[in-house]
Amino acid sequence: MPKEYKNEYQPLLAKATKDRRRPKLPNKSLLLAVCAAGIGGTFQYGYNISVINAPTAYVQDFINQTWSERYQTQISDDGLTLLWSTIVSIFTLGGLIGALIGGTLSVRVGRKGTLLTNNIFALLAALLMGLSYPTGLFELLIIGRFISGLNAGIAICVQPLYLGEIAPTSLRGAMGMGTSIFITGGIFTGQVIGLRELLGKEEYWPILLSTTCIPAFLQLLILPWFPESPRYLLIDKGDEEGCKKALKQLHGIADCDSEQEDIEKERNSLSGLQAKKPWELFADRSLRWQVLTIMVLNAAQQLNGINAIYFYAGYVFKQSGIPSDKIPYATVGTGACECITALTCGMLIDRLGRKVLIMGGYTLMAICCVLFTLTLTFQEASPVVPYLSMVCVFAFILSFGLGPGGVTNILTTELFTQNSRPAAYMLAGSVNWSSFFFIGLVFPFIVLGLKQYCFLVFLVICCLVIIYIFLVVPETKNKTFLEIQNEFQSSKKRQIGCSDGFNLSIRMNI
């Protein structure tokens, strides 16, 4: 094309690109696919975290009674605490193992195939926990919770992978927020189902713990009607016809050609490359900053104080004058807050961008850490202070849901291309679950040593993460996976260029 014509049509080309990336309303089929993936995916993760809280006293009574019948002696308080802690915490061990195998499964049987297969773990866990009471075997609760963790670990690894790959570039942020929305929805549903008016009574606790089978059945009924990830079909399997069919179903006929073109560009750039293993990510210098970024963000997601806020919530509600039997309802309010912010983040993320939301979320959390420390310190100074503490609890949860809670998983999808993305999720999941286990193990000692000042530790973590994001993480809104990778590489080249220029000037001066 002659230069003068090229210049003439340049604005039109730019406008076409801009129009292609402008957020549009998602296709109905795409929305239903997100729901189908989420209901048996990260919904299970959130549900299993919260549903175990309601029957705590009843399960402990069951363990005590079973131990007494089995050994003709009462179990010690330390033994009971150990068994209950094992039932609760073994979920994280299962999650860690699930995260380690989830990426491999997603490469071998596909993203959709892994999500469907994963329901076997959910159904088995529901069966074992439901049978624990009639058989008098509390060990089944331990095994069931471990298998539930496996299910959650695989889901939180593979579902964001699937959602990120089926979404068009302009809606990738909003669709990716499905992961966070279903986690918070699961937490909220578990809190509601655990109320005494529903399944929170003593005689219903085995049924309550076995209700994890319901989302699994729903996904097995719904998800088969939707296609496999188009990127997986074309790049991993070389199925051009399957990819085109999947894109037509998910995006509509009008938009499928431009998305297939993006996928083909990525396939050409990855030609001859095999899917990476997690340890191979560390050896690839071109992925150094991406790997460090997902490790920092996933560790911070668990270490930023959100677990501490939930730990203190019951105490704050009690100090505020809420009767003990009404505190579960206030706790449901915290779950509702997370749901609202996850939905809000989903609507804003493709307008404001990832970097603004996650930095804004951590900034607000840092401010809340300061205010919460002050209100806990001066709890007795005025009748108003406990209510200010309640405001801090809800503000912290809202801030977490607005940024770190949702954006972290999306960035894990966007910072990597097809051959390294499953390994990145295995690595991110391992860091996330390890941090979850670490904070659960260490946090009681932090509280014991620092009391209300423990939030100053979380303040430092939030501030360090803000600085890291500002200096290292690029804005990924409306960019293809290849464009994001090229931005990291060009940033690295600029740094090398500056370094070389500096060294050259030194040599010339010498």
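Trainee: Leaving aside neighbours within four places in sequence, which residues is Phe455 in contact with?

Mentor: In this predicted model, Phe455 is in contact with Gly305, Ala308, Ile309, Tyr312, Cys369, Phe372, Thr373 and Leu376, once neighbours within four places in sequence are left aside. Phe455 is also one of the residues, with Tyr362 and Phe372, that touch the most other members of the largest nonpolar core, which has 53 residues.

Trainee: Which elements give two or more residues to this core, and which of them gives the largest share?

Mentor: The contributors of two or more residues are α16, α17, α18, α19, α20, α21, α22 and α23, and the largest share, 10 residues, comes from α19. A second, separate core of 50 residues includes Ile39, Ile142, Ile154 and Leu209.

Trainee: Why is Ser430 called buried?

Mentor: Ser430 has a relative accessibility of 13%, and buried means under 20%, so Ser430 counts as buried. Ser430 is found in helix α22 and, not counting residues up to four places away in sequence, touches Leu96, Ala99 and Leu100.

Trainee: At what angle do helices α3 and α9 pack, and what kinds of residue make up their contact?

Mentor: Helix α3 (residues 42–51) and helix α9 (residues 178–193) pack at about 35°, with their axes 7 Å apart, and α3 passes α9 in a right-handed crossing. The residues of this contact divide into 8 nonpolar, 10 polar and no charged, including Phe43 and Tyr47 of α3 and Phe182 and Gly186 of α9.

Terms used
Residues are numbered from 1 along each chain as its sequence is written. This is a predicted model: local features need pLDDT of at least 70, side-chain atom pairs count only at pLDDT 80 or more; totals for chains, interfaces and linings use all residues. Side-chain values use heavy atoms; hydrogens and water are left out. A nonpolar core is a set of buried Ala, Val, Leu, Ile, Met, Phe, Trp, Tyr and Cys residues joined through side-chain atoms within 4.5 Å. Buried means under 20% relative accessible area, exposed over 50%, partly exposed in between (1.4 Å probe, protein chains only). Helices (H or I, at least four residues) and strands (E, at least two) are DSSP runs, numbered from the N terminus. Contact means heavy atoms within 4.5 Å. Axes are lines fitted to C-alpha atoms, for helices over the stretch in contact, and angles run from 0 to 180 degrees between N-to-C directions. A crossing is left-handed if the near helix is turned anticlockwise from the far one by less than a right angle, and right-handed if clockwise. Ala, Val, Leu, Ile, Met, Phe, Trp, Tyr, Cys and Pro count as nonpolar, Asp, Glu, Lys and Arg as charged, and the others, Gly among them, as polar.
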